[in-house]
Amino acid sequence: MSGRQEAKLAVNPIACSGHGVCAELLPELITLDEWGYPLLADIPVPAHLARQARRTVTDCPALALLLTKPT
Amino acid sequence: MTTFAQQSSQPTAGGQTGSSTRPLGPGHGAGQSEPRPISRLLPPPGKPALDLGAHLRRHGQVPYRGRPGQLIEDVRVAGLTGKGGAAFPVHRKLSAVLAAQGRPVVVANGAEGEPASAKDKALLLLNPHLVLDGIQLAAEATGASDAVLYVTLDAEKAHWLNALIAQRRSANLDRLEVRLVAAPHKFLAGQESALANRISGGPALPSFAPPRVFERGVDGRPTFVSNVETLAHLSLIARYGPSWFARAGTPDEPGTMICTLHHADGRVDLTEAALGTPLSDLLDLGPAVLANGDDPLSTPASAVLIGGYHGAWLPTATAARITLANAALRRHGATVGAGVLAALPAGRCGLAETARVARYLALESAGQCGPCRNGLPRIAGALADLADVTGGRRPDPALLHDLDRWSGLVYRRGACAHPDGTVRFVTSALRTFDAEITAHRHGRCTGTSNRAFLPVGNGE
């Protein structure tokens with residue numbers, strides 16, 4: 001995938017089980033709401049967090065976290 | 001106008017014969033706006049449903065264009081938008097499906113899961129061939145090889161619709177056999193991805209997008225989903241052209257739409273109205289020059305719900321000044337939606353009505369997404385709490401903060417737009433019933449009747 005620095009985080013809300021590991025791994029961009037579901041920073045993933053963001057995506061136990069290119 | 005009760009009655013199999021419906025086709029009102037009541041889609045008041053004979057006398061054969069794509073330019077010029085609620089430009093959907101990989105499927109969406117809406121069921125009963133023509137034309141335009149009519153069905157209605165389809169087949173009208181698929185009686189049954197899942201053999205539950213149904217919908221194929229009323233308009237545009245279509249409506253929002261009207265006196269009926277019609281022509285909203293700040297109890301309606309349960313409440317004084325057009329309504333946080341307009345009778349508590357509908361909307365959540373599953377019941381509960389002043393009880397003012405916070409937490413966090421629509425509805429209520437909220441906080445309610453007004457289905 002090209003243009004990775006342009007990518008944004010997204011969550012598939014149906015797949016998301018509110019496990020919360022994403023907010024532990026990437027607190028700079030992800031917090032949890034009062035029910036334990038992720039709130040994502042609505043900004044492109046900064047270059048210095050790109051690697052950490054990719055790691056967080058692969059570590060989501062529900063495979064619900066995504067990196068998407070803006071359309 | 002035709003009453004809801006008449007509209008809902010089931011025509012006998014094969015429809016009625018000997019229709020005296022006058023031809024109101026292309027030459028009708030040439031060069032001028034159409035007289036009211038408009039009857040492009042619904043038979044004129046008091047006239048019977050249009051059977052195949054009457055339909056062919058009035059409109060002739062299905063005007064096929066010969067190859068895929070041909071009709072799309074006319075639809076674009078006509079400015080036809082979807083009548084299921086989202087008002088999305090139809091030509092863009094047609095083009096997207098035509099351009100997608102694979103053999104498309106066309107679906108006429110008549111699920112009409114909203115209990116306050118009756119127009120799709122009525123159109124299908126009163127003028128089914130206009131819809132069935134539209135299915136064939138959309139199939140041709142997109143190069144589709146399968147066609148589905150997705151509607152709530154009982155045995156009698158399925159038998160009647162199958163007879164119509166067979167009749168058209170033997171008259172050589174239809175190129176594709178239309179398959180009936182039963183929509184469940186659920187608010188979200190007609191949501192596009194829920195519809196695609198149901199027709200593919202699964203439950204009628206929304207999916208996470210992308211892919212969108214125009215790319216991968218029914219059985220993973222590109223799927224053109226269109227509200228049944230939209231398809232009826234499309235079949236008229238194919239016959240009479242974009243400039244005929246634009247004889248009604250506004251330059252920006254041409255054409256007509258069927259509205260389900262809930263009058264303050266309790267009547268429910270349907271009318272076909274040009275876009276741009278003053279709302280006060282459709283509902284009795286009291287004196288036309290009612291100013292903001294006038295006593296709402298001096299009007300027959302204490303507020304107006306526009307666009308249904310994903311729509312917005314507006315003060316009567318605001319509604320009385322504006323028209324049935326998204327350009328006008330969006331400035332007030334509303335849209336025409338699927339044409340549900342309801343005048344809340346004076347003496348009913350808007351908070352109690354909103355709480356009841358919010359509870360229904362919470363129960364109708366598919367329950368798949370955490371924020372919606374957690375947030376909607378809490379929002380509904382807080383509204384019920386706010387509405388309850390029995391024995392002079394004063395609801396906790398912190399409820400308003402909770403409502404605000406939970407609304408923010410569910411908005412745009414679902415796979416479908418159900419939480420967004422619910423928040424729009426609830427937020428508009430908190431704005432419109434501001435004075436009522438103040439009264440409730442002092443343990444008082446201005447409502448004089450606690451009889452339910454808006455229907456929520458399931459006999460509630």
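Me: How many bridges join β6(B) to strand β10 of chain B?

Reply: Three bridges join β6(B) to β10 (residues 340–345) of chain B, and the two run parallel. Strands are DSSP runs of E with at least two residues, helices are runs of H or I with at least four, and both are numbered from the N terminus. Two strands pair if DSSP finds at least two bridges between them. Please note that this is a predicted model, in which local features need pLDDT of at least 70 and side-chain atom pairs count only at pLDDT 80 or more, while totals for chains, interfaces and linings use all residues. Residues are numbered from 1 along each chain as its sequence is written, and chains are lettered from A and ligands numbered from 1 in the order in which they are written.

Me: Which residue of β10(B) is the bridge partner of B:His262?

Reply: That partner is B:Ala342.

Me: And which residue of β7(B) is the bridge partner of B:Ile258?

Reply: B:Ile258 has B:Glu272 as its bridge partner. Strand β6 (residues 256–262) pairs with β7(B) in the antiparallel sense over seven bridges. The two form a hairpin with five residues between them, and B:Gly266 in the turn has a positive phi of about 100°.

Me: How many residues of β6(B) are buried?

Reply: Seven of its seven residues are buried; a residue is buried if 20 or more other C-beta atoms, placed from the backbone, lie within 10 Å of its own, exposed if 12 or fewer, and partly exposed in between. On one side these are B:Thr256, B:Ile258, B:Thr260 and B:His262, and on the other B:Met257, B:Cys259 and B:Leu261. In a regular strand the side chains alternate between the two faces of the sheet. In β7 (residues 268–274) of chain B, five of seven residues are buried.

Me: Changing topic, what is the order of the open sheet of four strands?

Reply: In chain B the order is β4-β3-β2-β5, with parallel pairing. The edge strands, each pairing on one side only, are β4 (178–182) and β5 (223–227) of chain B. The twist averages 25° from one strand to the next; axes are lines fitted to C-alpha atoms, for helices over the stretch in contact, and angles run from 0 to 180 degrees between N-to-C directions.

Me: Which helix packs on the sheet?

Reply: Helix α6 (residues 128–142) of chain B does, touching β2, β3 (146–151), β4 and β5 of chain B. Its direction makes about 150° with that of β2(B). Contact requires that the C-beta atoms of two residues, placed from the backbone, lie within 7 Å.

Me: Which residues of α2(B) are buried?

Reply: In α2 (residues 52–59) of chain B, they are B:Ala54, B:His55 and B:His59. Seen down the axis, the buried residues fall within an arc of 100°, so they line one face of the helix; the arc is that of the directions from the helix axis to the C-beta atoms. These residues pack against α6 and α9 of chain B. After α2(B) comes B:Gly60, whose phi is positive, near 75°.

Me: Finally, how is chain B divided into domains?

Reply: Chain B has domain 1 (52–245), domain 2 (253–346) and domain 3 (347–460), with bounds from an automatic or database domain assignment. In chain B, 17 residues of domain 1 are in contact with 19 residues of domain 2. On the domain 1 side, α5 (119–126) and α9 (228–245) of chain B are the elements that give two or more residues.
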